[in-house]
Amino acid sequence: MNGLTAFFRRLFAAEQPPEERLRGALFRCHDDAADPLYLLRGLFAACRPHSRSEAQAGLPAAQLQRLLQLLQADAGLRTALARQVGRLVGERRLLTFFTDSGILPGTGFFSEGWRIVGNRLLPEVPDERRLKDCLHVLCDHGDDWRWLETLPSDDLQRLWQLLDAADAPPLAGVREQMLDAILLLAHRVSGLGVEGELMRASPNLDADRPRFVALSAEALAFAQSWRQALHDPEYLADDGSQLLVLSAQCRETLQRIRRRALQVGASQSLSYLLTRSQQSLERLETLVGILAPPPAADALTPPAAAAWSDFVHSALLAENRRNSLRHYLGELSHLLAVRVTENAAHSGEHYICEEGADYRRMWASAAGAGVLIGGMALLKILAAGLHAPLFVEAVLFSLIYGGGFVLIYLLGLTVATKQPAMTAQTLAGLLGDLKPNRAADLERLVDVVAAVSRSQLAAIAGNVMVALPVAIAIGCLSAQALGAPAVTMEKGAHLLADLDPLGWALPHAAVAGFYLFLSGLITGFFDNRATYQNIGPRLSRLRWLRILLGDALAARFGSYVQDKLGGIMGNLLFGCMLGSTGVFGQILGLPLDIRHIAFSSANLGYALTAFDFALAAPALAWAALGVALIGAINLGVSFTLALRTALAARRIRFTHWGPLLRAIACRLRHQPRSFLLPPAAGKD
């Protein structure tokens, strides 16, 4: 019965006007017999938007403004709310609130990930004796962080200043636990001086270890000074300046390790350690800032009130998103994501043709890949003709695609559709540095866009214009040598149907574009692992390899594998994805498959030989249009996804698309040739 009553009370409250909801929740704070936690939860519920229209109208910020007006006008309400906040803070354990809210736990990356998944399936029970867990009761909706983010920081600071100036200051008696939290945070960071993961990432960590040790000692001296001042008003407490200096030095060391990790490789465990340490140091500095007033003072100074307001706000946001796997991975994977995309960016630089010689090399490289793709397409057609069991068919297709792409990569040839996922990373780095008010920056970026355009067109033309005639040549030679075409007319009709733009060709091309994007990330990931794990030197130490090849040749082999591992794995797994998707579609009964422009052009060539070149002109034109659209979808999907990922990894919010697009349009009008062909010899 009580649960039903509470349900109808919430339903009735939701139908009340926002002003009435807020006023009712605020006036209930006069009830000193009630639990302050649930009184304040009612106040949060009054500020929470109950519909999309309320959220779009900015209800939370408006409710906060109304709350400030009510508190400013009524000293009794102000005192009642301050008293309830003081009761909530004073009756709960605060240590974990100061040391753990918004900070990664010490359990590690995978343990925390499994905890989040487990809590989504079976929610944990909050311990209401701890203030940290009380935040989950106050914000008991999983998406409360969305409206909490919209609250103006100036209004939040004003709210805490009003409460702090009331007769029952909410922060009275919490300084002792803040001092304990500062000690705990300093000891936590000091332990990093012996972390093997950090020592491997930074060869100079031994020289920086005294900073971490001194941080713990200085925090102890700071806490002792403040505790003495709390009991002796005449004693002059430590202002924390030396502690902040040491904290800044430790942060500088961590930043140096982070920068080095971008060059030599990173891991999730290293990223986890760096992120947790950075968060702990920031929290330590925040708590020292909150303790800015003299120990004898009860009221907060304006800077301390601002620090406290920002801390509570960030703690509420962090605890509300504590069980968000997406937020957790996004925050923690930044270092690894940047490292992966940086590797892809370096790989993408050689795909950009700046000069005529680069352009000619791109043509030759793409043409060589076109020859191999023509052969790979025939092997795939023959493998499909075996009508093997589905698993065997998936393995055969994957080996043909994967082995062919790896061979193309090792021979230094170019597949056109591999370019966008690589060049997008290079463009993302330039977008991050772009200053739209500087004409030189825009011109440089437009130069790169033009170079990418002509490089891409050269690669596509090299693949398609060679794969198509190679397929025709193989089909004709097969007909002369064997007396029968390489592809039957029935199979030729099927290949033409696969190119129909009004069928599944374009969705299947989008699937292939997504795989192209993934292959770029896979390449960057394995490049990072090879560097971080020192794959080359470790391979060269294999006893059997040294006996077989000798020390010098084993070292060269290890170096070669380390340099090529990312490309080998990216191409191999890309081939496996292409080869197995159609089979999985058959197993699941779904229209899943892939279309790739280079293979589609080769399939068109084999279809022509199957029909003995007697294909009607409209049908041929329609199939050619399908090949062109497949290529556009391949390139567009992979480039868009790769660019978005690279910008997100670098945390770049590019908002200057207008000036950039206008500059590109201007270049197209005045120099259209630059998007198709390299500059003529002797010209800029």
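Modeller: Let me begin with burial: a residue is called buried under 20% relative accessible area, exposed over 50%, and partly exposed in between, using a 1.4 Å probe and protein chains only. This is a predicted model, in which local features need pLDDT of at least 70 and side-chain atom pairs count only at pLDDT 80 or more, while totals for chains, interfaces and linings use all residues. Residues are numbered from 1 along each chain as its sequence is written, and side-chain values use heavy atoms, with hydrogens and water left out.

Biologist: OK, so is Arg92 buried or exposed?

Modeller: Arg92 is buried, because its relative accessible area is 9%. Its place is in the loop between H6 and helix H7 (95–99), where helices (H or I, at least four residues) and strands (E, at least two) are DSSP runs numbered from the N terminus.

Biologist: And what does the side chain of Arg92 reach?

Modeller: The side chain of Arg92 reaches the backbone oxygen of Glu128 at 2.9 Å. That is a polar contact, meaning a pair of N or O atoms within 3.5 Å; within protein, one must be able to donate a hydrogen and the other to accept it, and residues adjacent in sequence count only if both atoms are side-chain atoms. Leaving aside neighbours within four places in sequence, Arg92 is in contact (heavy atoms within 4.5 Å) with residues including Asp35, Pro36, Arg130, Cys134 and Gln177.

Biologist: What about Arg87, where does that one lie?

Modeller: Arg87 lies in helix H6, which covers residues 75–90. Its side chain is joined to that of Gln84 by a polar contact of 2.9 Å, and, not counting residues up to four places away in sequence, Arg87 touches Asp31, Asp32, Ala34 and Pro36.

Biologist: At what angle do H6 and H11 pack?

Modeller: H6 and helix H11 (residues 153–164) pack at about 95 degrees, with their axes 9 Å apart; axes are lines fitted to C-alpha atoms, for helices over the stretch in contact, and angles run from 0 to 180 degrees between N-to-C directions. The two are therefore roughly perpendicular, given that angles under 35 degrees count as roughly parallel, over 145 as roughly antiparallel, 65 to 115 as roughly perpendicular and the rest as oblique. Arg78, Leu81, Ala82 and Val85 of H6 make the contact with Trp160, Leu162 and Leu163 of H11.

Biologist: Switching topic, how are H25 and H28 arranged?

Modeller: Helix H25 (residues 505–532) and helix H28 (residues 551–588) pack at an angle of about 150 degrees, their axes being 7 Å apart, and they are therefore roughly antiparallel to each other. Among the residues that meet there are Tyr515 and Phe526 in H25, and Met569 and Phe574 in H28.

Biologist: Which residues have a positive phi without being glycine?

Modeller: Two to look at are His387, with phi near 55 degrees, and Phe613, with phi near 60 degrees. His387 sits in the loop between helix H20 (356–385) and helix H21 (390–410), and is exposed, with a relative accessible area of 70%. Phe613 lies in the loop between helix H29 (597–610) and helix H30 (617–649), and is partly exposed at 43%.

Biologist: Last one, how many helices and strands are there in the protein?

Modeller: The protein has 31 helices and 0 strands, and buried residues make up 49% of its 684 residues.
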